[in-house]
Amino acid sequence: LRDRVAMGEDLTSLLTNAPGSFAIREGFDSKNRFRGLQLGFIYQANFRRAWLESMLRIAIGTNRQSVSIRGGTAITEFGETENYTGGLRAQRTNIGDYKRDQFAMVPEIGLTAGFRITKGRHATFGYTVLYLPNVARAGDQIDRHVNRNLIPEEQVPLEGPLLPQFQWVESDYWAHGINLGAEFTY
């Protein structure tokens, strides 16, 4: 499961005695990679012209969470451009790459109905739902508390707390699927 939030802002001064511009770029990326063992069963109940198939699986393993935070600001004044690390929500206090492994149990259930239209023609309709707990999503990793003294060009000496900070924020992910099928045999 990959997720990305990218933000950009371009500001230009309208003052003729202080011409210049700001270009701010920030990116928050997350990736969750599950690896584990999956066990389950499928049961099929047959009727005259129809059948019903139920599926239950559970996977047990590790979810590798990865978060990458990037940010930069380019300030142009009188034709000279200076580049700084950090933007607004991505600062030197939270920029970087973060990884960790979390234990996860991933259940999946599904139900498929099939119909025999004629001897050689079948149609199916199914629904599946999968639950992945403890995922790191990019938008959840954005700390909305900012020390304005860290915004480039950083105030020296620095006053106030080192914000924003990186902290793992997890949420649950539900994946729903619908499948339609047709089979023709001779």
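Trainee: Why does Gly139 count as partly exposed?

Mentor: Gly139 counts as partly exposed because its relative accessibility is 26%. Buried means under 20% relative accessible area, exposed means over 50%, and partly exposed lies in between, using a 1.4 Å probe and protein chains only. The model is predicted, so local features need pLDDT of at least 70 and side-chain atom pairs need 80 or more, while totals for chains, interfaces and linings use all residues. Residues are numbered from 1 along each chain as its sequence is written, and side-chain values use heavy atoms, without hydrogens or water.

Trainee: Where is Gly139, and what is it in contact with?

Mentor: Gly139 is in the loop between β6 (121–136) and β7 (170–184); strands are DSSP runs (E) of at least two residues. Beyond neighbours within four places in sequence, Gly139 is in contact (heavy atoms within 4.5 Å) with Asp3, Val5 and Arg144.

Trainee: How far is Gly139 from Arg48?

Mentor: Their C-alpha atoms are 51 Å apart, and 91 residues separate them in sequence.

Trainee: New topic: is Glu26 buried or exposed?

Mentor: Glu26, in strand β2 (residues 20–46), is buried and has no salt bridge, meaning a side-chain nitrogen of Lys or Arg within 4 Å of a carboxyl oxygen of Asp or Glu. The nearest side chain of opposite charge, Arg89, is 6.4 Å away.

Trainee: Which backbone nitrogens does its side chain reach, then?

Mentor: The Glu26 side chain reaches the backbone nitrogen of Leu88 at 2.6 Å, and one of its polar atoms lies 2.7 Å from the backbone nitrogen of Ala90.

Trainee: And where is Leu56?

Mentor: Leu56 is in strand β3 (residues 50–77), and it counts as partly exposed because its relative accessibility is 38%.

Methods
Helix = DSSP H or I, 4+ residues; strand = E, 2+ residues; numbered from the N terminus. Lys, Arg positive; Asp, Glu negative; His and termini not counted. Polar contact = N/O pair within 3.5 Å; in protein donor to acceptor, adjacent residues only side chain to side chain.
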